[in-house]
Amino acid sequence: MKTNSGRNVTTNLPSDAAAVEAADAAKPLDPRKLARDLAKFRTPNSARSWWEFAITIVPFVALFGFLLSAVSAGYYLALLATPLAGLFLLRLFIIQHDCGHGAYFEDRKTNDWLGRAIGVLTLTPYDCWRRSHALHHASTGNLDARGFGDVDTLTVREFREKSWLGRFGYRLYRHPIVLLGLGPAYLFMLRHRLPIGLMKAGSIYWISAMATNAMIAVIMIGLIIQFGLMATVLVFVPVLLTAASVGVWLFYIQHQFEDAHWDHAKEWTFHDAALLGSSYLELPIGLRWFTANIGIHHVHHLASRIPFYRLPNVLKAHPELTEVNRFTTRQTIKPLLLTLWDENRRKLVSFREAARLPA
C-alpha cells in the first residue's frame, strides 16, 4: 500500500484483511456514531487535573513575580521572558475553558470555583464567558445563528449588500492586525469588563463581571503598591496581550479555513458542524503543551466534556481523525486572508476572490 507521501509500505495483512482495511478507510466518518464512541473518554482524573493546574499556576506566578521584581529594579532585559509568561497564562485560560465545559472535574462546583478564580488572572468573567461559549458550541457553522462567541463572518451576498461604510468596517475588522492585535486587547481589557450580550439575561452575569473586576482591581492595586505603576504596566500588559493574541489566533484557525462547514438552520446539524467545521491544528510538542491540546479542536467540539489531557488518547484510538481538517503551523497563514463565505461554492474566500465572483 502507499502512504500520503507516495512511498510504498509493505504489509503482512492477508489480502482479505487488507481489503477490509481499505474499505473502512474509504468510509466517510459518521459524526453521530463517533460522538457516542468518544463518551468513554469523558471521565476526568481529579489527581491529574490538579497536577496539570499546579504545573501551570506555580511557574506562572513565579515567572510573573520574577518579571515584576526585575523590572522594578531596572533590569528591563527580563522582559524577554514575557512571551513565556504569556504562554503559561494561555494554558491557565484553557484550563478555565475546560472548567466551563464541566470537563475538568466531575464535580460541577469544583469546576466553577476554579474557573472563577482563574478568570481573575485571565481578565475573563467566568460565568459570562461560560454562557457565551456554550452558545458558540451550540451554533458553530449555523449561518442563521451567528454572533455569539465567534469571529464575525459575512457571506459574499451580505457583504455586497452593505453600504460602502459597512464594507469598510468589515474589511477593517477582518484585517490580521486588528484580529490578532487590537481585537484581543479590546476583548480582554475592555469588553470583558461588562456582560456584553448578557446584560438582560440575569443578575448572575453582572455579578460575575463585577466580582471579577473587583478582584482584578485589588490585585492590581497591590502590585502597584509593591512594585510601582510602571513596572506593573510593563509586565502585566505584554503578558496579557501575548496570551490573548495567541489565544485568538488559535480560535481563528479552529473555525476559519477554506473548507469550513456552514449551513443555514434548515440544513444545519450539530454533529456535522462540530466535526467538519472545526480544525485539527498539529502543533510542535512545546506549543501543544502550552495550548493544552486545544488544537485537537474537531474532537473537542464533537465531545466537549473530554478533559484536554485525554484528547491525544482519542487520536490514538481513532487515527482517522488526524486527517480531518488538518493544519500545520505554517498552513495557518493563508486562512488569515479568508474573509467571506461563498454559499455557492461552500468555501471561505478572500475579498479579492469574492470580487471576481459573478453578481
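**Burial and overall dimensions**

I looked up burial first: 45% of the 359 residues in the chain are buried (under 20% relative accessible area; exposed is over 50% and partly exposed in between, with a 1.4 Å probe and protein chains only). The model is predicted, so I note its limits: local features need pLDDT of at least 70, side-chain atom pairs count only at pLDDT 80 or more, and totals for chains, interfaces and linings use all residues. Residues are numbered from 1 along each chain as its sequence is written, and side-chain values use heavy atoms, with hydrogens and water left out.

Along the principal axes, the C-alpha atoms fill a box of roughly 75 × 55 × 45 Å.

**Secondary structure and contacts**

I find 16 helices and five strands in the chain (DSSP runs numbered from the N terminus: H or I of at least four residues for helices, E of at least two for strands). Of the contacts between residues at least 6 apart in sequence, 70% join residues at least 24 apart; contact means heavy atoms within 4.5 Å.

**Nonpolar cores**

I traced the largest nonpolar core to 57 residues (buried Ala, Val, Leu, Ile, Met, Phe, Trp, Tyr and Cys joined through side-chain atoms within 4.5 Å). Phe53, Phe60, Phe64, Tyr104, Leu114 and Val239 have the most contacts inside it. At least two residues of this core come from each of α3 (46-72), α4 (82-100), α5 (108-122), α6, α10 and α11 (229-255). Leaving out residues up to four places away in sequence, Phe53 touches Leu92, Ile95, Tyr104, Leu114 and Ile118. Another core, of 17 residues, lies apart and includes Ile296, Ile306, Val314 and Leu321.

**Helices α6 and α10**

I checked the axes of α6 (residues 126-139) and α10 (residues 203-227), which come within 7 Å and cross at roughly 130 degrees (lines fitted to C-alpha atoms over the stretch in contact, with angles from 0 to 180 degrees between N-to-C directions). Tyr126, Asp127, Cys128 and Arg131 of α6 meet Ile204, Tyr205, Ser208, Ala209 and Thr212 of α10.

**Gln254**

I located Gln254 in helix α11. Gln254 is buried, at 3% relative accessible area. Beyond residues up to four places away in sequence, Gln254 touches Gly277, Ser278, Ser279, Ile294 and His297.
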